[in-house]
Amino acid sequence: MVDFLADNNLCGQAILRIVSRGNAIIAELLRLSDFIPAVFRLKDKSDQQKYGDIICDFSYFKGPEYYEGKLEAKPELQDLDEEFRENNIEILSRFYLAFESVHKYIVDLNRYLDDLHEGVYIQQTLETVLLNEDGKQLLCEALYLYGVMLLVIDQKIEGEVRERMLVSYYRYSAARSSGDSNLDDICKLLRSTGYSSQPGAKRPANYPESYFQRVPISATFTSMVIGRLRSDDIYNQVISIYMGITVNLVEAWEPYKAAKTALNYTLDSANIKEQATRYAASMESLRPQVQQLLKEGFLREEIILDNIPKLLNCLRDCNVAIRWLMLHSAESAYDPNNKRLRQIKDQVLNDSKYKPKILFQLLLDTAQFEFTLKEMFKQMLSEKQIKWESYKKEGSERMTELAEVFSGVKPLTRVEKNENLQAWFREISKQIESLNYEDSTAAGRKTVQLIQALVEVQEFHQLESNLQVCQFLADTRKFLHQMIRTINIKEEVLITMQIVGDLSYAWQIIDSFTSIMQESIRVNPSMVTKLRATFLKLASALDLPLLRINQANSADLLSVSQFYSGELVSYVRKVLQIIPESMFTSLAKIIKLQIHDIMEVPTRLDKDKLKDYAQLTARYEVAKLTHDISIFTEGILMMKTTLVGIIKVDPKQLLEDGIRKELVKRVAYALHKGLIFNPKAKPSELMPKLKEMGATMDGFYRSFEYIQDYVSIYGLKIWQEEVSRIVNYNVEQECNSFLRTKIQDWQSVHQSTHIPIPKFPSVDESATFIGRLCREILRITDPKVTCYIDQMNTWYDLKSHQEVTNNRLFSEIQNTLGTFGLNGLDRLLCFMIVRELQNFLTILQKTILKDKAVVEVFRTLQGAVSPVQGIVANASKVYSSAVAKSQKIWGTYLEAIMKVGQMQILRQQIANELNYSCKFDSKHLAAALENLNKSLLADIEAHYQDPSLPYPKEDNTLLYDITAYLEAAGIHNPLNKIYITTKRLPYFPIINFLFIIAQLPKLQYNKNQGMTCRKATDPVDWPPLVLGLLTLLKQFHSRYTQQFLALIGQFIRSIMEQCTSQKIPDMPSDVVGALMFLEDYVKYTKLSRKVGFRTIL
């Protein structure tokens, strides 16, 4: 009969592929369960208010027109809906594909059963498949995996969340219009069951059977599978159904009378006591046995070969005891609100005298014993044939030599010639030589006969009198015995060990022992070497989901292997994280001693003060703490490079990652806590908190500098990489609020699974510390309450005239957050400028240009000033009339322009600080960047003069890459940046001209300070005003700027013409203001002064 799993057996391969897919689907569901967007849970009030109208459950299907109508009625809701779609469609599609694969799985299984029934597979029916051992197993697995899938979905992805995700996918995808879409069937299968995994939640009626019945499965098939399983006994009331997902049968079987009755004997108080005391006694007796076996040098090859059954029994007993005690003591197996379960748990714990540390120690010893035994057995298995052939050769040669001894030719003391014995020993030699390794059964039988023959020849021929002959015979018998032992080394023993040592049931429960593991490592870092065996034992759990995938040669093998291996490696990292944590605790003490207690020894020192500076107690404490750090490092490095699943774990890399993780955790927390500001504090808390934060960061930096040699890591490299990652990640998250398509954590290049940057809840409108820092700077430099003096790079309070802050602020940020912090702050300001400009243009287009009266003012003025090369008649009246009629629009206009100008000033200060520090700290980098920038600009300019010259192609990222470097080095001018794309706007030069002349009466010229505000009650700060307007004009075509400047020039000429004709001796203040605007415009844009003169003339 053809093997059921053979490649040419279509029936076997079909069910094997289904089962393989089932394991892959479960892995994908478990993987995705960690990536459910939090917004679909609608737990926060803010989420409910914001997204409540666009996230719906299955009630949507009762009246989709109603829901869609609500959205269409509100443009802002439509905009939010579109933004939500852009941000979530990718992850929704991934979830939908997983859900669809579950439905497809059961459809394919049903189709397979129909094909069996209809005779599609020749000579195969459901009955014949169930008679085959592999077929029976695969059919049971196929049904079982479907149940696991549904339970995993219900436990990991709540019913309401599933419904909301499916509805969102339906609304946002093209599936709703696809004729062959099975979305309806998927929704029916995965609609909410009412089940909740929360402790104490009530179980829904008819759950889970009603859930399992949503897609009907052949009743005949189900009953036949149950018949196959009915003979199996149940020894436990707590079982693992798949990769550590535990179920307590007391609770699970409560609604089923027959099953409940069957379980009652197991749950009898006397029976629980018997089981618990038996396993407690078993654990007590097994611990010394295993410890004895683990003693150095005890497990030798001959001991293993002579005691294989005994060793396997010991291993089996250990694993059975561990399994029972771990499952029945697990917190997750008992609902704390169920009185009966609480009683059972208390009885189990009391009767078994449960002590988690002792159970963990047994697990540790068993894993070590199992690992040692496996490794030795693998070694023996690999050398089996070589050793067997070696023993055979030695035995054959001994017999040949004895044959020669009895020939009388070879001299041996007192051995007479004996042709019969000579012939007999020669024949025995041939017999030994003829033994065939491939036919182990026959060879073993024949070897036993040869040993018996050698014993008999010694007795019957009185050979005992010759010691040398006896020795030869004894050696040969020994070699033959070794051959029998060696031939009994079989792979089945390793398979048995693998089955017996399965720890998949503890895939989740093991986490309850994490604190014990970590405490053991903290006390004795060398414990890591023992834990290695436990981790490898846990890795054996991967065999369960991968077996069928591997057998089916499925492409899912790598993906599923990586998922489970990654989960296990994450757990290994979690356990071993205690080492970096302990190191940093010691490090904090060292830094405290070095900063506060230990005095720096001067270069010249009086001998009578030597004792004072020695500070032996403090220095001894530092030495002791440093030694502790070295011991921790040594502990983790003792763990050899280990293959966990398919991921290689290098202990040195593990240590470095652990140190990085702890550094990131502590630095991120310090930045979060240290940069929270009270907006009502006077004076601002900004500088004191930055100095305090700078000292904290310096402490971390110094600690890294101190530790690097003791733990053999590149401290400065790690410091710079991780601090830059923290800052860049927080900038990215802060900028998300300005982006339509958000960057999720799993999409971020700065976030990492192994070394995660923690997220903290918001304390104000900002999402992160970088946002709080930026908004605090904007608050204290607000143009409404401060005046910026450009020549001094300082902000003064408008009322008190006291200094608020100056450019030293940016030096302090550089000291605290480094170049990354300043650069991140600059990037955030860019996003804020973009938002401000977009809002401004929206107001301009939707409010100002929609106001007919105001537009009429613009049109009238445009007619009055044309042509701009001329002089405006009756200028004062024309201009003042236009300003007065449009006065209502300038408040909002001024606020937006000033905000942009304020942020541009900050960007300039940041660029100056970055450029200064770059030239000071990295003069060669600064020079190289400046030269490269100049040469690139020269080449681009040359290309536009002569298009035949080279220019970077579209796929060349040189310009993009160099821009990032130039901005980080402060080699750029923020005022030349294009922030937004714009369209042509009517009257734009006129609007801006009117705006600037409307502000001039609020300002006055001071020859020491330039243009300043006349009244503190009507604040207008000149530099932000000029820079804001300059930035706005830069976003449009240059002809708008030319027209605007021409209007300013015409204004100056017209007013001066009127003054001359009226013989007014002094230059009007508005003209002075306009001239100052042109002066500053030329200065900030770095244009020639001739441009300004041409504008006026």
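Visitor: Which helices each supply at least two residues of the lining of the largest cavity?

Guide: Rolling a probe the size of a water molecule over the atoms shows where empty space is left. Here, helix 25 (556-576) and helix 29 (651-674) each supply at least two lining residues. Helix 29 gives the most, with 5 residues. A cavity is a set of points on a 1 Å grid over the protein atoms alone where a 1.4 Å probe fits but cannot get out, and lining residues have an atom within 4 Å of a point. Helices are DSSP runs (H or I, at least four residues), numbered from the N terminus.

Visitor: Is this model predicted or experimental?

Guide: The model is predicted: local features need pLDDT of at least 70, side-chain atom pairs need 80 or more, and totals for chains, interfaces and linings use all residues. Residues are numbered from 1 along each chain as its sequence is written, and side-chain values use heavy atoms, without hydrogens and water.

Visitor: How many cavities of 30 Å³ or more are there?

Guide: The search of the whole structure finds 5.

Visitor: At what angle do helix 15 and helix 17 pack?

Guide: Two packed helices are described by the angle between their axes and the distance between the axes. Helix 15 (residues 308-329) and helix 17 (residues 356-405) pack at about 145°, with axes 10 Å apart. Axes are lines fitted to C-alpha atoms over the stretch in contact, and angles run from 0 to 180 degrees between N-to-C directions.

Definitions and conventions: On a 1 Å grid over the protein atoms alone, a cavity is a set of points where a 1.4 Å probe fits but cannot get out, and a pocket is an open set with protein on both sides within 12 Å along at least five of seven lines; lining residues have an atom within 4 Å of a point. Grid points are joined across faces, edges and corners, and a volume is the space filled by probe spheres set on the points.
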